[in-house]
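Here are my notes on this model, written as numbered points. Keep the structure open as you read.

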Amino acid sequence: MSSLSTEQNELLHDFFADDASQFLDRMAQFNELMMKYNSAIREVQTKLQILNDELSLRGRANPIDSIRTRVKKPLSIAEKLRRRGKEVSVEAIFENLNDVAGIRVICPFIDDIYAVADMLARQDDITVLAVKDYIKNPKPNGYRSYHMIVEVPVFFSNYKQPMRVEVQIRTVAMDFWASLEHQMRYKNNSEASRSICDDLKKCADTIARTDEEMQRLRHQIDQHTRSQEDLAAAVQTSESSAGKR
Ligand code: 0O2
């Protein structure tokens with residue numbers, strides 16, 4: 001069991017209840033909203049899986065290494081609303097937060113990130129509401145990732161609702177870095193963390209250079225493979241035309 005601070009307790013209290021019947025109503029409302037976010041995640045995740053399956057059938061390397069999903073936890077939701085000076089209520093979630101439903105897409109190469117983002121954005125039931133390219137514009141701490149807020153329609157029994165999902169797309173190496181940095185941010189905020197932050201920034205820069213180098217090598221390998229294939233095709237054509245003579 002995790003123990004909550006007084007402030008966290010107050011936040012969750014604001015969220016859910018003053019009395020028992022209110023608590024049950026708000027829990028029901030909250031659960032319904034989370035069910036909708038989970039459904040939206042499934043819609044977008046399926047789209048991404050289909051793209052990956054189709055490209056691998058066409059003999060292309062999979063642009064997606066893995067996909068992880070999550071619905072933001074009640075306490076994180078309440079803390080984010082409070083940080084933004086919004087009312088901590090179930091109604092305020094839908095209006096004010098874009099990342100309650102989150103999908104993290106991990107790609108082998110930087111090019112794959114942009115290809116996946118582009119393929120998703122081109123689907124006609126997806127509306128891209130916002131993009132933050134932290135790869136071209138890394139955060140000062142070294143964080144790199146491509147973020148999209150997309151809206152997808154979800155069909156329920158007698159109505160359709162557009163739902164927002166945050167899609168974070170990054171390389172395996174960027175993800176490795178972000179997981180460690182996230183852990184440091186949430187678990188360690190002492191003064192000692194300054195030197196850790198500096199080292200993390202250095203690590204992020206090394207990782208970025210390695211990602212770029214891997215990308216360059218991939219292009220070289222692709223070019224080499226294509227020229228070998230062209231050569232083999234040319235040899236086959238000249239052999240078959242010589243056979244006809
Ligand atoms: P958690 O615990 O991962 O959910 P917006 O949602 O666009 O209105 P926000 O939240 O500032 O505004 O957007 P941004 O910058 O796109 O960040 C959203 C999420 O990206 C964060 O969610 C993190 O998951 C991730 N992220 C952003 N910056 C960093 C960073 O410096 N390091 C790491 N490790 N992750 C980062 P939360 O809610 O902050 O956290």
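1. Start with Asp-133. This residue is buried, with a relative accessible area of 15%. The cut-off for buried is under 20%, so Asp-133 qualifies. Bear in mind that this is a predicted model.

2. Where does Asp-133 sit? It is found in strand 3, which covers residues 127-133. Leaving aside neighbours within four places in sequence, Asp-133 is in contact with Tyr-114, Ser-145 and Tyr-146. Look also at Gln-168. It is 35 residues from Asp-133 along the chain, and the two C-alpha atoms are separated by 9.9 Å.

3. Now step back to the whole chain. How many helices and strands does the chain have? There are seven helices and five strands. Follow them along the sequence and the pattern reads α-α-β-α-α-β-α-β-β-β-α-α. Trace that order on the model before going on.

4. Next, check the overall dimensions. The chain has a radius of gyration of 24 Å. For a compact globule of 245 residues, the value would be near 18 Å. The box filled by the C-alpha atoms, taken along the principal axes, is roughly 95 × 55 × 30 Å.

5. What share of the residues is buried? Of the 245 residues in the chain, 37% are buried. The accessible surface comes to about 15200 Å². Carbon and sulfur atoms account for 52% of that surface.

6. Consider the contacts across the sequence.

7. Charges come next. The chain has 35 positive side chains and 37 negative ones. The centres of the two sets lie 3 Å apart.

8. Turn to helix 2, residues 20-57, where Leu-24 is found. Is Leu-24 buried or exposed? Leu-24 is exposed, with a relative accessible area of 58%. The cut-off for exposed is over 50%, so Leu-24 passes.

9. Helix 3 covers residues 74-83. Which residues of helix 3 are buried? They are Leu-75, Ile-77, Ala-78, Lys-80 and Leu-81. Note that a lysine, Lys-80, is in this list. After helix 3 comes Gly-85, with a positive phi near 70 degrees.

10. Val-90 lies in helix 4, residues 90-96. Val-90 is buried, at a relative accessible area of 6%. What does Val-90 touch, not counting residues up to four places away in sequence? The answer is Phe-15, Arg-26, Gln-29, Phe-30 and Leu-33. Val-90 and Ser-56 are 34 residues apart in sequence, yet 41 Å apart in space, C-alpha to C-alpha.

11. Helix 7 runs over residues 193-244 and includes Gln-215. Gln-215 is buried, with a relative accessible area of 8%. Not counting residues up to four places away in sequence, it touches Phe-109, Ile-110 and Asp-111. Leu-81, one of the buried residues of helix 3, is 134 residues from Gln-215 along the chain. The C-alpha atoms of Gln-215 and Leu-81 are separated by 39 Å.

12. Finish with the cysteines. How many disulfides are there? The count comes to zero. Cys-197 is in no disulfide, and the nearest cysteine sulfur, that of Cys-203, is 12 Å away.

Conventions:
Residues numbered from 1 in each chain as written. Predicted model: local features only at pLDDT ≥ 70, side-chain atom pairs only at ≥ 80, totals over all residues. Heavy atoms only, no water. Helix = DSSP H or I, 4+ residues; strand = E, 2+ residues; numbered from the N terminus. Rg over C-alpha atoms; globule rule 2.2 N^0.38 Å. Buried < 20%, exposed > 50% of the residue type's maximum accessible area, 1.4 Å probe, protein only. Areas by Shrake-Rupley, 256 points an atom, 1.4 Å probe, with all protein chains shown as cover. Lys, Arg positive; Asp, Glu negative; His and termini not counted. Charge placed at Lys NZ, Arg CZ, Asp CG, Glu CD. Disulfide = S-S within 2.5 Å. Contact = heavy atoms within 4.5 Å.
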